[in-house]
Amino acid sequence: MKKIISVSMLFILAFCLNFSFSVSANGVGAQFPIIDEGNVLSDEEFSEIEARFVEIREQYVCDIAAVIVNEPYADTAQQAADNIYDYGDYGVGENYDGILFYICLDTREYHFTTCGDVAQIFNDNALIYIEDNVIKFLKEDDFYKALKNYADIIEEVLTGSYAYNSVAVAGGNRILLIIGFAVLISLIIAFIATFIQVSKMKTALEQDNASDYMKKGSFNLTGQGDIFLYSHIDRREKPKNKSSTHISSSGRSHGGRGGSF
Amino acid sequence: MDNIQNFKCPCCDAGLEFSPLNGKLHCSSCGNDFEVVAMQQMTDAENSVGESKFDWENYVKREFNTEDVNGISGYTCPSCGAEIMGDETLGATICPYCGNANIIKSQFEGSLKPDFIIPFKFNKEMAIEEFEKTYKKAPFLPDEFKDKSKIAEMSGVYVPFWMFDCDCNANVTYRAQRISNWSDSNYYYTKTDFYHIYRSGGLSFANIPVDGSLKADNTYMEALEPFDYNDASNFNTAYLSGYLADKYDVSAEESVDRANERVKTSTLNAFRDTVGGYINVVPISTGVNFSGGKIRYALLPVWMLNVKYLDKIYKFAINGQTGKVVGEYPVCKKKRNKFFMKVFGISLLITAVIGLFLFK
């Protein structure tokens, strides 16, 4: 059954439970991996996504959450996402590892907030990759598809197999890539070497110039000039392998990225 | 009133207009600005490049005197039509071009007297020795070549050449680039500077040989170069003893195009070598002028040999002065394929190890 809980209720619950000194491996937020204040998901969709989030959290020891609100919970989407993450007690372990996807239906803003060690894994490149595969569904108001893709890509990133990082290649694909690379380069080298040797079998070649017949010392430059015409500058943005981090109101360091849909 | 000069944009060829705002010539098509002085220099340089002109003196013919031809006989080949001359006591009767063994001795008819001759320095035995030394270095030569090949015909021939001297002046303009790179925390920057470059000057050439015989393969004759002209001597029939001498059947006028081609290539290469520190250097216009052209007629020594191997004839030529051997050797496919697999195998091993580190 779909859990009916709002962010405000979550804050209260988290506040109360933290004051009761109950020790839990997971934060309060772990109980509510997905909050749908806007009621955009059906019961079946909600259950499916929730189960998926729980599965990923248990397998990778990293909290994954999504919060869909009607009205903004702070001045900016970034602040709202950070506050929900911190005060809603999301995050696994002493570093509060995890990622939360904040969606505001009223302002049509979104924000991914990351915390802990996984902030290095969900760097700017990874977040751009997630955006490229998720936000297009938000624009179409297909929240189920957006969250499903969000879960899939989080898992892809956590297994280290995501395509954006060109150096990380997983499993059997790696072997194929190495073989393909080695065979192609070796073929090229072998062809070139054989061609050079075969060309030595035919020494009857015409001369294309008369440099052997230039009179020594006869070359004389009477005029020369190198005239500057114009310049052209191109620039290319550097891929951001580092996470851009900031400190939230709770004092914790967060990474993240957001925008509007 | 002077004609108003119109400048064209070097980027897009549109007309340039003077901009009073910055005192430069502005292209409204691509938006670039150019210094007036630079455009004037560029235009002056381009205007100085004219069309290529080739100016050769006519060949001054020298005829044989009666005394010169005493003891020389003419020979014709009924198979390929070659007309050659040789010592009238010459025992060999094999045509050096087609191998026909029945060349016919005929009346020696007047031919042009060569301006000089380079005598043979390598006799037949020495030439064969050079040939054997050289073919051993051919990488894919069949192992049986040494045992099963047979020199079917071998003739020492003085091949007629036209020798060209000239002075050459050229004007060349280029477009070139310089590239610099840098970066800051957010971006990589690439700056490309575009240049217009001109060079003018001259150089001289002497003794460019172009073979004057239709029968002698031009590619083989060029491949035999260079000859050392320090050994050149005035023509004397004594040098023909034991050898044949071909008569020219390609005129100097017909040969001059080949000389022009080679001189132009060398001239442009020499100028290109003076443009350093740039990338993407592209010639825009070239003008080559020749002067002081001289033509001479010479006989140069060549050993022609045909080698029979597995029922196929392979042609070779040996420079009769330097011993340089040129030709086309048979290729053993087995050896070639074995080499290919060997290189492929070693490369595969090395690149696989590199791949292990590259694709983590």
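**Close-up views of a predicted two-chain model**

View 1. Leu187(A) is partly exposed, at a relative accessible area of 31% (buried means under 20%, exposed over 50%, partly exposed in between, with a 1.4 Å probe and protein chains only). The model is predicted: local features need pLDDT of at least 70 and side-chain atom pairs count only at pLDDT 80 or more, while totals for chains, interfaces and linings use all residues. Residues are numbered from 1 along each chain as its sequence is written, chains are lettered from A and ligands numbered from 1 in the order in which they are written, and side-chain values use heavy atoms, without hydrogens and water.

**View 2. Arg52(A) and Asp152(A) form a salt bridge.** Their closest N and O atoms are 2.9 Å apart (a salt bridge is a side-chain nitrogen of Lys or Arg within 4 Å of a carboxyl oxygen of Asp or Glu). Arg52(A) lies in helix H2 (residues 43–60) and Asp152(A) in helix H6 (residues 143–158) of chain A, so the pair ties together parts that are 100 residues apart in sequence. Asp152(A) is partly exposed, with a relative accessible area of 29%.

**View 3. Glu222(B) and Arg258(B) meet in a salt bridge.** The N to O distance is 2.7 Å. Glu222(B) is in helix H4 (residues 218–223) and Arg258(B) in helix H5 (residues 252–272) of chain B, so parts 36 residues apart in sequence are tied together. Glu222(B) is buried at 7% relative accessible area, and Arg258(B) also counts as buried, at 17%.

**View 4. Lys335(B) forms a salt bridge with Asp143(B).** Their closest N and O atoms are 2.8 Å apart. Lys335(B) is in helix H6 (residues 333–358) of chain B, and Asp143(B) is in the loop between helix H2 (124–135) and helix H3 (145–148) of that chain, 192 residues apart. Lys335(B) counts as partly exposed at 26% relative accessibility, whereas Asp143(B) counts as exposed at 59%.

Methods:
Helix = DSSP H or I, 4+ residues; strand = E, 2+ residues; numbered from the N terminus.
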